Amino acid sequence: MTAPPPNLPQLLTDAKRWFDDALLSSMQAAGERPVTVAQAAVFANLDAGGTSISELARRIGTTRQSVHQAVHGLIGMGLLKQVPDPTSARSRLVRTTPAGARAHERALRMIATIEGVLAERIGADAVNALRDGLDCDRGDPPLVQDH
């Protein structure tokens, strides 16, 4: 019996893992402190002025507890800090430290290079089509019924 071809969610997960592996190993090889995929997701979702833990959890699609754990690991590494939210006395915002901003800028440059490697391997047209397709408004997730 032949295995069915991978479905789109499987392919997207594999592609994300490829990018994560390339970025995290490249950052570590460049002398940056190793971070987890969850910690990298925090950086990818931070606003320049800071972002609350609950907003980070919503953007990443995980629990506040998971984000809290990732943030506190990054605070311990000196890459993030928490500051009072100027719009709410009860809230705090997560922001990068100077070391975190430097590492984030380095990661963004590496992501651009990794995208370039992908374009060399599968073609610039394929990468552009992939970007265009994934950047479209897909609307709300459909509710399908199995008949």
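The model is predicted, so local features need pLDDT of at least 70 and side-chain atom pairs count only at pLDDT 80 or more, while totals for chains, interfaces and linings use all residues. Residues are numbered from 1 along each chain as its sequence is written, and side-chain values use heavy atoms, with hydrogens and water left out.

Helix H3 spans residues 53-60, and its buried residues are Ile53, Leu56 and Ala57. Here, helices (H or I, at least four residues) and strands (E, at least two) are DSSP runs, numbered from the N terminus. Buried means under 20% relative accessible area, exposed over 50%, and partly exposed in between (1.4 Å probe, protein chains only). Just after H3, Gly61 takes a positive phi of about 85°.

Two of these neighbours, E1 and E2, pair with each other in the antiparallel sense over six bridges; strands pair if DSSP finds at least two bridges between them. A hairpin of two residues joins E1 to E2, and Gln82 stands opposite Val94 in E2.

Side chains of opposite charge can pair when their charged atoms come close. Eight salt bridges are found in the whole structure, each being a side-chain nitrogen of Lys or Arg within 4 Å of a carboxyl oxygen of Asp or Glu. Salt bridges that share partners join Asp47, Glu55, Arg58 and Arg59 into one network. Arg58 is exposed at 58% relative accessibility, whereas Arg59 is partly exposed at 31%.

Helix H1 holds another such pair, Lys16 and Asp20, four residues apart, about one turn of the helix. Their side chains meet at 2.8 Å, N to O; Lys16 is partly exposed at 46%, but Asp20 counts as buried at 16%.

Finally, Leu8, Leu11, Leu12, Leu130 and Leu134 make a nonpolar surface patch of about 460 Å². Helix H1 (8-29) and helix H6 (124-134) each give two or more residues to the patch, and H1 gives the most, with three. Patch residues have over 30% relative accessible area and no salt bridge; like charges are joined within 9 Å, and nonpolar side chains (Val, Leu, Ile, Met, Phe, Trp, Tyr) within 5 Å. Accessible areas come from the Shrake-Rupley method with a 1.4 Å probe, and for residues only the protein chains shown count as cover.
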